[in-house]
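Subject: A structure for you to look at

Hi there,

Here is the structure I promised to pass on. Have a look at it first, and then read my notes below.

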Amino acid sequence: MLPETRYAYAVARVRVAELNMLGKGRIERMIEADTAASALRVLNEAGYAESDDYEFILKKAASDLYAYMKEISPEPGIFDIFAYRYDSHNIKVLLKAEFAGTDGEGLFADNGVIDLNSLALMVRERDVRRLPPEFASALTDSIDAYSRTRDPQIIDIIMDGAYYVLFKRLAEAAGSSYLSELAAMTIDIANINAFIRIKARMVDLDLLSRVLIKGGGIPVKRYTGSFGRDIAGFREEIKGSGYGRLLDMIIENPSGLTEFEKACDNHIMDYLRKFRFRAFGIEPLVGYMLGKETDIKNARIILVGKINRINGDVIRERLRNGYV
Amino acid sequence: MFDGNFFAVLGAALAFFLAGAGSAKGVSIAGEAASGVVAEDGDKFVSVMILEALPSTQGIYGFVIAFMIMAKMTELGSALDVNSGVALLIAGLPIGIVGMFSAIYQGRVAAASIGIVAKRSSDMVKGIILTLMVELFAIFAILISILMIGRVG
């Protein structure tokens, strides 16, 4: 990592850009808007592109975001840590399309680190040399596992796990305790989600140990060791890890998985917000970037809701906490 | 070689060199933040410029003390004794050292305060006040340096 004061320029830019984020006021105005078109106007005011096609606006905002982060950051490479998520997604789409005999058109994400055409070629030719090692072995594993199980979901599981491991490794290589902690937290939350889902469906322990990702704050054996116990027992097992509040939600309302997922996103957002007012360092940049992604997610929920004339309170329930 | 003049000139050099280097660093930190704000919103130029300039005072103080030490040398005549020379050297250190550190730290506060202006231009004065808190110690340092120079000779 560079000395944190090298980030003064980028942090100042983000400070101004935060003015265009979707705070409570803008979110409420969008929900209260009579039509989707007037909700779109709120987005236009906040610097989003002008168009009637909300999908286009949101996609453009997402791809502009990465270009912007790389433009302002003194270490643009750091943001690849987050952009590899899209490569992982693209590999999934390419593999599933290949197995299903389709071309996957329209499902690709454009923010990946690796150019989509060369990625398609690498996957088609099974040429993994230029992929990050985690993706290279995950690609081989996915093909192998799919040929045995014929279950496309296995590709998702393997590729998601590979991304998290890559995220953790690059975060540690960057030498930033903030990024490492964020990576560990993301892994913990993914693991807790997997634990709860697999337990709820009463599937076998085998699947759980395959899905769990190493590198989180909670060691993998804590999950496998608690598989025979109930969620309250698991909560006791991971006491002091900071996720107790999340597990309480599931204990109180075992079927509320949607709310639980939202609480997980909010948990990460709370961590990001803690560093929002730092004057230097990468923290406010990462916070802005992930916060803006949440904005885009929220904007989509509201606009889809508006188009389908869903009640404002129902929309509100689904929204994630924003960064500003 | 190590006569009074040598030590006195060294004192003048340190007073300016340290404080000036600190100010350059402090202004550059604040300046990077200021240019970030201006890149997003050119209308905020004036308010961020004022904040950026605040850490430059330490360099000015160092300049004043270096000048005063040299004036004192002229006053005391060409053959300055070693004791007076060393005394002038020591007199240059408060503004040199305190000036350097306070300028760098003030630059950090200035950069953070530029973040306030980035949010709301009307809060510029609050940012200036916060940044000036650090100035106090540089002012104490220049006062002590001046008092010390006055006692020499």
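Before the details, one definition: the expected span of a helix is 1.5 Å times one less than its number of residues. Helices (H or I, at least four residues) and strands (E, at least two) are DSSP runs, numbered from the N terminus.

This is a predicted model, in which local features need pLDDT of at least 70 and side-chain atom pairs count only at pLDDT 80 or more, while totals for chains, interfaces and linings use all residues. Residues are numbered from 1 along each chain as its sequence is written, chains are lettered from A and ligands numbered from 1 in the order in which they are written, and side-chain values use heavy atoms, with hydrogens and water left out.

Let's start with helix H7 of chain A, which covers residues 133-149. This helix has 17 residues and reaches 24 Å from its first C-alpha to its last, close to the 24 Å expected at 1.5 Å a residue. Its buried residues (under 20% relative accessible area, with a 1.4 Å probe and protein chains only; exposed is over 50%, and partly exposed is in between) include A:Phe135, A:Leu139, A:Ile143 and A:Tyr146. Against what do the buried residues of H7(A) pack? Their partners are helix H5 (80-100), helix H6 (116-125) and helix H8 (153-173) of chain A, where contact means heavy atoms within 4.5 Å. Just after H7(A), A:Arg150 takes a positive phi of about 60 degrees.

Helix H14 of chain A, residues 257-274, has 18 residues. From first C-alpha to last, H14 reaches 26 Å, close to the 26 Å expected at 1.5 Å a residue. Among the buried residues in H14(A) are A:Phe260, A:Lys262, A:Cys264, A:His267 and A:Tyr271. The cover over the buried residues of H14(A) includes helix H9 (177-200), helix H13 (244-252), H15 and helix H16 (312-318) of chain A.

**Single residues of chain A**

Helix H15 (residues 283-307) of chain A holds A:Glu283. Is A:Glu283 buried or exposed? A:Glu283 counts as buried because its relative accessible area is 12%. Leaving out residues up to four places away in sequence, A:Glu283 touches A:Tyr178, A:Phe275 and A:Arg278.

Most residues other than glycine have a negative phi. A:Arg126, in the loop between H6 and H7 of chain A, has a phi near 55 degrees, a positive value in a residue other than glycine. With 34% relative accessibility, A:Arg126 is partly exposed. A:Arg309, in the loop between H15 and H16 of chain A, also is not a glycine and has a positive phi of about 50 degrees. Its relative accessible area is 72%, so A:Arg309 is exposed.

**Chain B**

Chain B has five helices and zero strands, and from the N terminus on its elements run α-α-α-α-α. Its C-alpha atoms fill a box of roughly 60 × 25 × 20 Å, taken along the principal axes. Of its 153 residues, 45% count as buried. Among contacts in chain B between residues at least 6 apart in sequence, 87% join residues at least 24 apart.

Two of its loops gave me something to note. B:Asp43 sits in the loop between helix H1 (4-40) and helix H2 (45-53) of chain B. It counts as exposed because its relative accessibility is 73%. B:Asp43 and B:Ile149 are 106 residues apart along the chain, and their C-alpha atoms are separated by 45 Å. B:Ser121 lies in the loop between helix H4 (82-119) and helix H5 (124-151) of chain B, and is partly exposed, with a relative accessible area of 35%. Between the C-alpha atoms of B:Ser121 and B:Tyr105, 16 residues apart along the chain, the separation is 23 Å.

**Where the chains meet**

How many residues does each chain bring to the contact? Chain A gives 16 residues and chain B gives 17 residues. Together the two chains bury about 1300 Å², with 63% of it on carbon and sulfur atoms; buried area is the accessible area (1.4 Å probe) that two parts lose on being put together, summed over both. A:Tyr9, A:Val16 and A:Phe280 supply 33% of the area that chain A buries against chain B, more than any other three residues.
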